[in-house]
Amino acid sequence: MSLIDIFTDYVVNKKSLKDYVEVRKTLSERGEFNDTLLCKAEDNLQRLKAEDEKIYNAMYCVLKEIFERDQGHYVEYPINFIKAVLKMYENGNTPKKVYDEYARSLEHRFCDA
């Protein structure tokens with residue numbers, strides 16, 4: 001299984017990104033995010049789940065919809081999800097604001113052109 005497939009499995013199935021960091025260390029492939037960012041993303045997800053489970057679930061619903069539509073390069077879907085999660089709680093971004101922005105991605109075509 002390639003690194004992106006493992007990463008996708010961890011993101012889509014709500015597995016701990018901190019565990020993924022440890023798994024990744026056993027592989028000789030380079031990922032999109034460094035260990036610190038992945039741990040921060042996991043912390044943000046856990047905080048979101050504790051503080052606003054509705055938005056937590058909604059984020060994953062959008063991700064699921066994006067995968068179901070499969071309108072382009074699947075590698076970008078979990079990466080974009082984590083990028084959105086990393087924006088939460090930064091620079092005045094609220095989870096609702098980040099969710100709204102992420103949900104708008106459903107309006108775009110995910111095509112490599």
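Tutor: Let's start with Ala84, which is found in helix H5 (residues 76-87); a helix here is a DSSP run of H or I, at least four residues, numbered from the N terminus. The model is predicted, with pLDDT of at least 70 needed for local features and 80 or more for side-chain atom pairs, while totals for chains, interfaces and linings use all residues. Numbering starts from 1 along each chain as its sequence is written, and side-chain values rest on heavy atoms, without hydrogens and water.

Student: Why is Ala84 called buried?

Tutor: Its relative accessibility is 8%, and buried means under 20% relative accessible area (exposed is over 50%, partly exposed in between; 1.4 Å probe, protein chains only). Ala84 therefore counts as buried.

Student: Which residues does Ala84 touch?

Tutor: Leaving out residues up to four places away in sequence, Ala84 touches Met59, Val98 and Tyr102, where contact means heavy atoms within 4.5 Å.

Student: What makes H1 oblique to H4?

Tutor: Helix H1 (residues 3-12) and helix H4 (residues 53-69) pack at about 135°, with axes 11 Å apart. Angles under 35 degrees are roughly parallel, over 145 roughly antiparallel, 65 to 115 roughly perpendicular, and the rest oblique. The angle of about 135° therefore makes H1 oblique to H4.

Student: Which residues make that contact?

Tutor: On the H1 side they are Thr8, Val11 and Val12, and on the H4 side Tyr60, Leu63 and Phe67.

Student: Why is the pair of Tyr10 and Tyr20 called tilted?

Tutor: Rings of Phe, Tyr and Trp (its six-membered ring) pair if their centres lie within 6.5 Å; planes under 30 degrees apart are stacked, over 60 edge-to-face, and the rest tilted. Tyr10 and Tyr20 have centres 5.6 Å apart and planes at 55°, so the pair is tilted. Tyr10 belongs to helix H1 and Tyr20 to helix H2, ten residues apart. Tyr10, at 14% relative accessibility, counts as buried, and so does Tyr20, at 2%.

Student: How do you know that the charged end of Lys15 sits over the ring of Tyr10?

Tutor: The rule asks for NZ of Lys or CZ of Arg within 6 Å of the ring centre and within 35 degrees of the ring normal. Lys15 is placed over the Tyr10 ring, 5.1 Å from its centre. Lys14 likewise lies over the face of Tyr60, at 4.8 Å from the ring centre.

Key:
Axes fitted to C-alpha atoms, helices over the stretch in contact; angles between N-to-C directions. Helix = DSSP H or I, 4+ residues; strand = E, 2+ residues; numbered from the N terminus.
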